[in-house]
Each structure stands twice: as structure tokens, then as C-alpha cells.
Amino acid sequence: FFFKTNSIFRMSLSLHSFVSFLLHLYLVTSEEPNPPLWPSSVHVFSPGNDATTQRTVDEIFAENGGTEPPDNGQWSDSRFALLFKPGTYNVSVNIGY
């Protein structure tokens with residue numbers, strides 16, 4: 001009797017795990033667009049757009065105050081993520097310190 005009950009329990013547990021996996025897969029794929037919709041503080045750059053990339057980097061640096069005083073922008077609420085796709089860039093990214 002124990003062996004039979006144990007097998008049924010394992011089968012129901014396996015079925016439960018499988019259903020949970022399918023539900024998770026559905027929720028992940030249905031909620032997250034691909035590519036993701038980034039907020040305006042996230043910039044994704046591609047190789048070959050060096051002028052646009054440089055302009056955006058310079059605007060972000062200026063918004064955070066440049067280099068005067070030397071730690072200007074370090075405690076700013078203006079936070080940005082600059083993401084670079086693989087490739088070669090001819091861009092100078094000044095981080096200010």
C-alpha cells in the first residue's frame with residue numbers, strides 16, 4: 001500500500017510541478033516584451049551611431065553638472081544606464097571623476 005500511495009503522490013507532485021512551470025512560462029512570456037520597454041533613463045546604443053551616442057552621452061554628463069565641482073552629479077537623482085551593444089565605438093564617455 002505504501003509503495004502505491006507514494007507513487008501516486010510523486011505523480012501528483014510531478015504534475016503540479018509541470019503545471020507550475022507552464023504557468024510561470026506563460027506569465028513570463030506574456031508580461032515581458034522582447035526587447036523590453038526601457039524607461040527614459042536607459043539608453044541602448046548600437047555601433048555605427050557614434051554621433052548620436054556622443055551627443056546623448058554629452059547631454060547626460062551636462063545634466064549631471066559636468067566636472068565643476070569635481071564630484072558634481074555623484075549624488076544626483078538623475079541616474080542613467082548606458083548600454084552598449086557589442087561592437088566598436090568611437091565615443092568618449094566622460095564620467096567626471
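Predicted model: local features only at pLDDT ≥ 70, side-chain atom pairs only at ≥ 80, totals over all residues.
Let me start with the helix. H2 runs over residues 50-63, which is 14 residues.

Which residues of H2 are buried? They are Thr53, Gln54, Thr56, Val57 and Ile60. Looking down the axis of H2, these buried residues fall within an arc of 165 degrees, so they line one face of the helix. On the other side of H2, Ala51 and Ala62 are exposed. The cover over the buried residues includes strand S1, residues 42-45, and strand S2, residues 81-84. Just after the helix comes glycine 65, with a positive phi of about 100 degrees.

A polar atom of the threonine 53 side chain lies 2.9 Å from the backbone oxygen of asparagine 49. Setting aside neighbours within four places in sequence, threonine 53 is in contact with Phe45, Phe84 and Val91.

Threonine 56 is also found in H2. Its relative accessibility is 15%, and since buried means under 20%, threonine 56 counts as buried. Here a polar atom of the side chain lies 3.0 Å from the backbone oxygen of threonine 52. With neighbours within four places in sequence again left aside, threonine 56 is in contact with His43 and Phe45.

A pair of aromatic rings is described by the distance of the centres and the angle of the planes. How many aromatic pairs are there? The count is two. In one of them, phenylalanine 45 and phenylalanine 84 sit 5.1 Å centre to centre with 35 degrees between the planes, a tilted pair. Phenylalanine 45 belongs to strand S1 and phenylalanine 84 to strand S2, so this pair ties together parts that are 39 residues apart in sequence.

Are these two phenylalanines buried or exposed? Phenylalanine 45 counts as buried, at 6% relative accessibility, whereas phenylalanine 84 is partly exposed, with a relative accessible area of 36%. Phenylalanine 84 also pairs with tyrosine 89: the ring centres are 5.1 Å apart and the planes are at 85 degrees, so that pair is edge-to-face. Through these ring pairs, Phe45, Phe84 and Tyr89 are linked into a cluster.

Key:
Residues numbered from 1 in each chain as written. Heavy atoms only, no water. Helix = DSSP H or I, 4+ residues; strand = E, 2+ residues; numbered from the N terminus. Expected span 1.5 Å × (residues − 1). Buried < 20%, exposed > 50% of the residue type's maximum accessible area, 1.4 Å probe, protein only. Arc of directions from axis to C-beta. Contact = heavy atoms within 4.5 Å. Polar contact = N/O pair within 3.5 Å; in protein donor to acceptor, adjacent residues only side chain to side chain. Phe/Tyr/Trp six-rings, centres within 6.5 Å; stacked < 30°, edge-to-face > 60°.
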